[in-house]
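Colleague: Hi! Could you walk me through this structure in plain words? I'd like to start with the strands.

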Amino acid sequence: MTKILIVGGGIGGMTAAACLLHAGFEVAVFEQAAELGEVGAGIQLSANPMRVLHHLGLVETLARCGVRPTAYQFKMFDTGEVLQEIPLGEGYVERHGVPYLSVHRADLLDTLIAAVRALNPDAVTLNATASSYVEDESGVTLHFNDGGEARGDVLIGADGIKSMVRAKILGETAVHYTGDQSWRILVPAERLTPEQRPDTVNICVGPGKHGVVYPIRPDGLINMVGCVEYETWDDESWTARRPWAEMKTDFAGWHENIQAIIDNADKDQCFRWAMNNRPPVDHWSTARTTLLGDAAHPTLPYMAQGGGMAIEDGAVLARALQQEADVGAALDLYQRNRLDRTARIVNESSANRNMFHLPSEAALRQAFAQRDMNAERTAWLFSYDPMTVELR
Ligand SMILES: Cc1cc2nc3c(=O)[nH]c(=O)nc-3n(C[C@H](O)[C@H](O)[C@H](O)COP(=O)(O)OP(=O)(O)OC[C@H]3O[C@@H](n4cnc5c(N)ncnc54)[C@H](O)[C@@H]3O)c2cc1C
């Protein structure tokens, strides 16, 4: 039986593991952390990744611990005027066959881990930091910091934006600071009045900054991410704490509902980190090694699709390995079928940053009047089915 080694137990690595185990492969996941877990933040799951989660039988669990927002609304930063809306209610489910969910990242990861462990309780090894690997004609040997090693037929680098596997396949690749730093906070809904609690995904756009606010748990936990232009940056870490007062100043003059959310955040739980752009690459596989998720195509979060792409990758990679008996041909088939779509999402996410930060209300109004985001995203983004798309 083909044995597949996966470096990284995040959303991408765990989805790939579940899809591969489901397809009958032998799988070993190696995660550097002592415990599996995610940072306290939300993630939106549109129909494209939801079809994979449906295939794995996880939609009901996720729907129970997450929220089904009624719409995705682009709003003016100060007045709250709705500039454009993508409906996410019953019509979305009728059209796509699966709901749009917003969930806590920890709930998504826990659900994926449970799915992997139900298929093989011993599939995941913790405290295992992969340091290098050697690929030869008959397999791949993965080496760990503690001197240990593992041998398999295929190696998947699902090890995120600072991927060791990516560095070995692609060498140094370009990284550009976008000019944005991103805040994240979580606020329990009971601290807000009913009018201040969102039941939609809100993308509030304004000169030089934008804020994304949506609920992630049925008991009303609210997630806010706020991207603000800063000339300099020093930290790309999701866990870098910053003074609450700086966030308050950054969003001065914004709508009262945004003020209420910032005012009710725990003052010592405000995080801010630099947003970097990494342009798409033209390959990410060798004869026996490949990448997925952020290791393959790191993206800005301005379409909320980084995790979605990682989930799609896991499903398409498992299908390619089923379709082609030869490992090299399978990895090539996977890469061929993922390069264009993921590059499009990465490039459009970067372009959205400029649109969301236009310098005046008139410019923002005009830009949103010229684009039908609902039609665009329905046509190619949400309608993609990783479980049935023809691989060639
Ligand atoms: C502000 C923000 C909002 C976002 N919102 C959304 C959203 O709404 N929807 C969406 O789809 N996406 C969203 N994303 C993107 C999404 O979070 C990422 O694309 C996704 O988490 C990538 O998953 P991954 O598994 O590829 O990488 P990661 O989650 O980074 O996982 C990599 C794993 O590999 C492990 N690892 C690393 N190196 C090693 C090693 N040498 N040995 C062993 N283990 C190792 C790490 O510990 C980690 O567990 C957002 C991102 C940001 C920044």
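Modeller: Happy to! One term to begin with: two strands pair if DSSP finds at least two bridges between them. Helices (H or I, at least four residues) and strands (E, at least two) are DSSP runs, numbered from the N terminus. Keep in mind that this is a predicted model, where local features need pLDDT of at least 70, side-chain atom pairs count only at pLDDT 80 or more, and totals for chains, interfaces and linings use all residues. Residues are numbered from 1 along each chain as its sequence is written.

Colleague: Got it. How many bridges join E11 to E17?

Modeller: There are 3, and the two strands run parallel. Within that pairing, Leu155 has Thr289 in E17 as its bridge partner.

Colleague: And what does E11 pair with over 4 bridges?

Modeller: That is strand E1 (residues 3–7), again in the parallel sense. Val7 has Gly157 in E11 as its bridge partner.

Colleague: Which way do the residues of E11 point?

Modeller: Val154 and Ile156 point one way from E11 (residues 154–157), Leu155 and Gly157 point the other way, and all are buried. Buried means 20 or more other C-beta atoms within 10 Å of the residue's own, exposed means 12 or fewer, and partly exposed is in between, with C-beta atoms placed from the backbone.

Colleague: What is the order of the strands in the open sheet?

Modeller: The sheet has 5 strands in the order E7-E2-E1-E11-E17, with parallel pairing. Its edge strands are E7 (124–125) and E17 (289–291), each pairing on one side only. At the E7 end, 2 bridges join E7 to strand E2 (residues 26–30), and Val29 stands opposite Val124 in E7.

Colleague: Which strands pair in the antiparallel sense over 5 bridges?

Modeller: Those are E4 (residues 71–76) and E5 (residues 82–87). Lys75 stands opposite Val82 in E5. The hairpin they make has 5 residues between the strands, and Gly80 takes a positive phi near 80° there.

Colleague: Changing topic: how many residues surround the ligand?

Modeller: There are 31, and the closest are Gly8, Gly10, Gly160, Gly293 and Gly306. A residue counts as near a molecule if its C-beta atom, placed from the backbone, lies within 6 Å of it. Helix H9 gives the most to this shell, with 4 residues.

Colleague: What is Ala16 in contact with?

Modeller: Leaving aside neighbours within four places in sequence, Ala16 is in contact with residues including Ile6, Ile156 and Leu317. Contact means that the C-beta atoms, placed from the backbone, lie within 7 Å.

Colleague: Last one: how many helices and strands are in the protein?

Modeller: The protein has 12 helices and 17 strands. Of its 392 residues, 44% count as buried.

Notes:
Two residues are in contact if their C-beta atoms, placed from the backbone, lie within 7 Å.
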